[in-house]
Amino acid sequence: MGRKKKEKIEEKAEKIDLLVKRCPECFVSLPLDAKRCSSCNSRVGRADKHGMAIKPTHWISYIVCILSWTILILYVNWAFLR
Ligand SMILES: [Zn+2]
């Protein structure tokens, strides 16, 4: 009888563990469905198997960065080749 009780507690602990993920920036525990960290306000993705939130890829800032570099290079070429 006592053993069954212990199993139940362990099951509960596992469930609690799956209900939180950790912010990759500040390691604060967050709910699994959180889109942003409540502490540092950085974007957080889904949790991996270790319960660590995956950093979402910032595609827009990535594209903006490439575009601004392309424009800069084109401008420099245009300015010097005139
Ligand atoms: Zn955080």
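This talk describes one protein model, moving from its overall layout to a few individual residues.

Good morning, colleagues. Please note at the outset that this is a predicted model, in which local features need pLDDT of at least 70, side-chain atom pairs count only at pLDDT 80 or more, and totals for chains, interfaces and linings use all residues. Residues are numbered from 1 along each chain as its sequence is written.

I begin with the layout. The protein contains two helices and two strands; both kinds of element are DSSP runs numbered from the N terminus, helices being H or I with at least four residues and strands being E with at least two. Read from the N terminus, the order is α-β-β-α.

Next, confidence. The term pLDDT denotes the predictor's confidence in each residue, from 0 to 100. Its mean for the protein is 84, and 78% of the residues reach 70 or more. Among the elements, helix α1, residues 2-18, has the lowest mean pLDDT, at 61, while β2 has the highest, at 93.

How much of the protein is buried? Of its 82 residues, 6% are buried. A residue is called buried if 20 or more other C-beta atoms lie within 10 Å of its own, exposed if 12 or fewer do, and partly exposed in between, with the C-beta atoms placed from the backbone. As for contacts, two residues are in contact if their C-beta atoms, placed from the backbone, lie within 7 Å. Of the contacts in the protein with a separation of 6 or more, 22% join residues 24 or more positions apart.

I turn now to helix α2. This helix covers residues 59-81, and its 23 residues should span 33 Å at 1.5 Å a residue; the expected span is 1.5 Å times one less than the number of residues. The C-alpha atoms at its ends are 33 Å apart, which agrees with that expectation. Does α2 lie largely in the open or is it buried? The number of buried residues among its 23 is zero, so the helix lies largely in the open.

Ser29 belongs to strand β2, residues 29-31. Ser29 counts as partly exposed because it has 14 C-beta neighbours inside 10 Å. Leaving aside residues up to four places away in sequence, Ser29 touches Val20 and Arg22. Ser29 and Leu19 are 10 residues apart along the chain, and their C-alpha atoms are separated by 9.5 Å.

Phe27 sits in the loop between β1, residues 20-22, and β2. With 13 C-beta neighbours inside 10 Å, Phe27 is partly exposed. Its phi is positive, about 65°, although Phe27 is not a glycine. Most residues other than glycine have a negative phi.

Asn41 counts as exposed, having 10 C-beta neighbours inside 10 Å.

Gly51 is found in the loop between β2 and α2 as well, and its 14 C-beta neighbours inside 10 Å make it partly exposed. Gly51 and Leu32 are 19 residues apart in sequence, with 8.9 Å between their C-alpha atoms.

Finally, His58 is also placed in the loop between β2 and α2. His58 is exposed, with 11 other C-beta atoms within 10 Å. The C-alpha atoms of His58 and Arg43 are 9.4 Å apart, and the two residues are 15 apart along the chain.
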